[in-house]
Amino acid sequence: MSAAPSVVEEVVQRPSRDPATHTAASAIATATDLAAAFAEDSARRDRERILPVAEVEALSAAGLLAITVPVEYGGPGLGAEVLAEVVRILATGDPNVAQVPHSHFVYVNALVEQGSEQQKRFLLGEVVAGKRFGNAQSEIRSRHVREHATTLRPDPDRPGDWVLDGEKGYATGAYLAHWIPVLAHLGEGGPLAVAWVERHAGGVTVIDDWDGLGQRTTASGTVRLEGVRVAADRVTSYHLTFERPQVYGAFAQLLHAAIDAGIARAAVREAAAFVTTSSRPYPDALALYDTDGAADDPLVVQAFGEVELQVRAAEALVAEAGRAVDRARADLTAETAAEASLAVAAARASTTAASLEASSRLFEVAGTRSALRGLGLDRHWRNARTHTLHDPAAWKVHHLGRHAIDGTPPPNHGQI
């Protein structure tokens, strides 16, 4: 007799949901159901480094990857606050699955901001149909994150079109994508643009060589681009995004904060389950308080209270940051964009601290047994430590401090 399909497999086998039918409530409810399914096998996927292929397909089938597509292009047009909550919930189940489509949502946003009408109709239509965007942005050999050697050069055989060459790293989402947005110079030393490249186009190689200590199953490896032909209508401006007030960077950073908040919540949840089922009380608690178990140890209860307070504060700051991004989008000025960036900076700094603290203190409250490798509880700290390295939290705090002292707005770039 064959085994019953898993919850994830059942979702993939269902008819795909029309994303346009999603409301804020239905998107959050769907994410909650999927997160519970993702959590069941997340420790094994981490331990054996099994890529979440079915899980990512479930996100597509459930219509969640198109919830930010505007109504006029076939989506429900849900905002940043809703998306941040969806991503946070998914990360409580498996932050690897939540991170895979991070750049997908960021480049949906980039397309809405800078794409031509024809590009929006076609590429956003692909998203509504369940297709996924990846990411080929960072370059490991560059001196800093905004330096790029990857270049689009004129195609000698097709006037007006381009040939793309370069190598990208940290390409989260590319391995499981249908389209890979590539950040490249338009001509030698020209402005930065986004080249929309099909995942299996000639000259595109995606290598699963990510070897991080955490977020092990995000397939954040290398993308090689060798003589990739790119039609003129598959190139979108990128540099223009930062020549006016924008929340492009705040939106991307918000989703990172949501992932960290999800890691923190998952760590608290698993620590509580372990303490109530598997931990033994410390001798001092037995002697002084006659406790029945570790969950009754007053020091354990106090530690949980302290961590819970920190995690709740981080979750609240993520929600407020989402609202700030939505407010700025509704009335985009230099002032509203700065307020959104500051709100996201606060969320990012808070979720960094909360995820690291919760995933570390879970061992303190759970005791020696919690360190057994087979339990996989260490994955929460490894995931938090790895994911929070995207952008230093200290710079978020610095910008908050400068603004508090003299009103200096944060810089207008994609990292805040």
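**Exercise 1.** Does Arg229 count as buried, partly exposed or exposed, and what is its relative accessibility?

*Solution.* The model considered here is predicted. Step one: the relative accessibility of Arg229 is 45%. Step two: buried means under 20% and exposed over 50%, with partly exposed in between. Arg229 therefore counts as partly exposed.

**Exercise 2.** Identify the salt-bridge partner of Arg229 and describe the pair.

*Solution.* Step one: Arg229 forms a salt bridge with Asp155, and their closest N and O atoms are 3.3 Å apart. Step two: Arg229 belongs to strand β6 (residues 222-230), whereas Asp155 sits in the loop between β1 and β2, so the pair links distant parts of the chain, 74 residues apart. Step three: Asp155 has a relative accessible area of 4% and is buried.

**Exercise 3.** Explain which parts the salt bridge between Asp46 and Arg382 ties together.

*Solution.* Step one: the two side chains meet at 2.6 Å, N to O. Step two: Asp46 lies in helix α3 and Arg382 in helix α13, so the bridge ties together parts that are 336 residues apart in sequence. Step three: Asp46 is buried at 6% relative accessible area, and Arg382 is buried at 15%.

**Exercise 4.** Describe how helix α5 meets helix α9.

*Solution.* Step one: the axes of α5 (residues 80-93) and α9 (residues 248-277) come within 7 Å and cross at roughly 35 degrees. Step two: the crossing is right-handed. Step three: the contact includes Leu83 and Val87 of α5 and Leu255 and Ile259 of α9. Step four: the contact residues divide into 13 nonpolar, 2 polar and 3 charged.

How values were computed:
Residues are numbered from 1 along each chain as its sequence is written. This is a predicted model: local features need pLDDT of at least 70, side-chain atom pairs count only at pLDDT 80 or more; totals for chains, interfaces and linings use all residues. Side-chain values use heavy atoms; hydrogens and water are left out. Axes are lines fitted to C-alpha atoms, for helices over the stretch in contact, and angles run from 0 to 180 degrees between N-to-C directions. Helices (H or I, at least four residues) and strands (E, at least two) are DSSP runs, numbered from the N terminus. A crossing is left-handed if the near helix is turned anticlockwise from the far one by less than a right angle, and right-handed if clockwise. Contact means heavy atoms within 4.5 Å. Ala, Val, Leu, Ile, Met, Phe, Trp, Tyr, Cys and Pro count as nonpolar, Asp, Glu, Lys and Arg as charged, and the others, Gly among them, as polar. A salt bridge is a side-chain nitrogen of Lys or Arg within 4 Å of a carboxyl oxygen of Asp or Glu. Buried means under 20% relative accessible area, exposed over 50%, partly exposed in between (1.4 Å probe, protein chains only).
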